[in-house]
Amino acid sequence: MPQISLTSVVRQATDADASEIARICTAAYRDAYRNVLPPGYIERSVTAFYNEPRVADDIAPSLPDWFGYQVVEEGGRILGAAGGGMTGPTTGELSLIYLASETRGRGLGTLLLKHVTDQIRAAGGTEMWVSVFLGDSAGIGFYRARGFQPKQTVRAAMSRVDDHIRSLRMLRELR
């Protein structure tokens with residue numbers, strides 16, 4: 001069931017949304033990490049994860065490990081996307097939340113987070129994990145403000161040994 005704010009709706013993405021999801025995620029990723037990550041890593045990541053064919057393939061759920069893309073929209077315009085799934089019987093993972101840059105700070109990321117959290121709870125999740133790049137103070141602050149606690153650092157996905165890119169693994173217990 002979609003979650004609705006006064007003007008925003010969070011819903012399951014459809015095939016028609018793939019192009020806009022790819023555009024938003026690519027732009028938001030580049031913007032969010034341009035001062036945090038090496039340019040080569042950024043381009044490898046957006047090429048691998050946010051190209052339109054890959055997004056189109058990932059629109060639909062592949063349960064239990066992927067709930068499919070979720071989008072937040074206003075007036076029929078997609079403003080952001082999120083996704084997550086289960087990594088174990090009671091463990092969920094938030095894989096991504098990205099918003100169009102002009103919409104940040106309006107609570108849309110929180111709406112998307114709530115939607116994915118509700119999906120994890122409905123699937124039996126009692127804990128939820130997220131990875132945030134070390135140095136991403138805005139991302140770390142966003143998740144800390146919503147109850148996530150730092151637990152460990154790991155080598156970031158797609159990081160090469162010479163990149164030295166680390167992610168902070170954060171956990172929130174779901175009650």
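## A guided look at the predicted model

Visitor: Where is the place of Asp-17?

Guide: Happy to start there. This is a predicted model, in which local features need pLDDT of at least 70 and side-chain atom pairs count only at pLDDT 80 or more, while totals for chains, interfaces and linings use all residues. Residues are numbered from 1 along each chain as its sequence is written, and side-chain values use heavy atoms, with hydrogens and water left out. Helices (H or I, at least four residues) and strands (E, at least two) are DSSP runs numbered from the N terminus, and Asp-17 sits in the loop between strand E2 (9-12) and helix H1 (18-33).

Visitor: Is Asp-17 buried or exposed?

Guide: Buried means under 20% relative accessible area, exposed over 50%, and partly exposed in between (1.4 Å probe, protein chains only). Asp-17 has 8% relative accessibility, so the residue counts as buried.

Visitor: Which residues is Asp-17 in contact with, leaving aside its neighbours within four places in sequence?

Guide: Contact here means heavy atoms within 4.5 Å. With those neighbours set aside, the partners of Asp-17 are Arg-11, Val-71 and Ile-78.

Visitor: Which peptide bond is cis?

Guide: As background, most peptide bonds are trans. Pro-64 lies in the loop between helix H3 (52-58) and strand E3 (70-74). With omega at about 5°, the cis bond is the one joining Leu-63 and Pro-64.

Visitor: What phi does Met-158 have, and where is this residue found?

Guide: Most residues other than glycine have a negative phi. Met-158 is not a glycine, yet its phi is positive. This residue is found in the loop between strand E7 (149-155) and strand E8 (166-173), and its phi is about 70°.

Visitor: Which residues touch the most other members of the largest nonpolar core?

Guide: A nonpolar core is a set of buried Ala, Val, Leu, Ile, Met, Phe, Trp, Tyr and Cys residues joined through side-chain atoms within 4.5 Å. The largest one has 26 residues, and those touching the most other members are Ile-21, Tyr-29, Leu-37, Tyr-50, Tyr-69, Tyr-98 and Phe-133.

Visitor: Which element gives the largest share of this core?

Guide: Two or more residues come from each of H1, helix H2 (39-49), strand E4 (77-86) and strand E5 (91-99). The largest share is eight residues, and the element giving it is H1.
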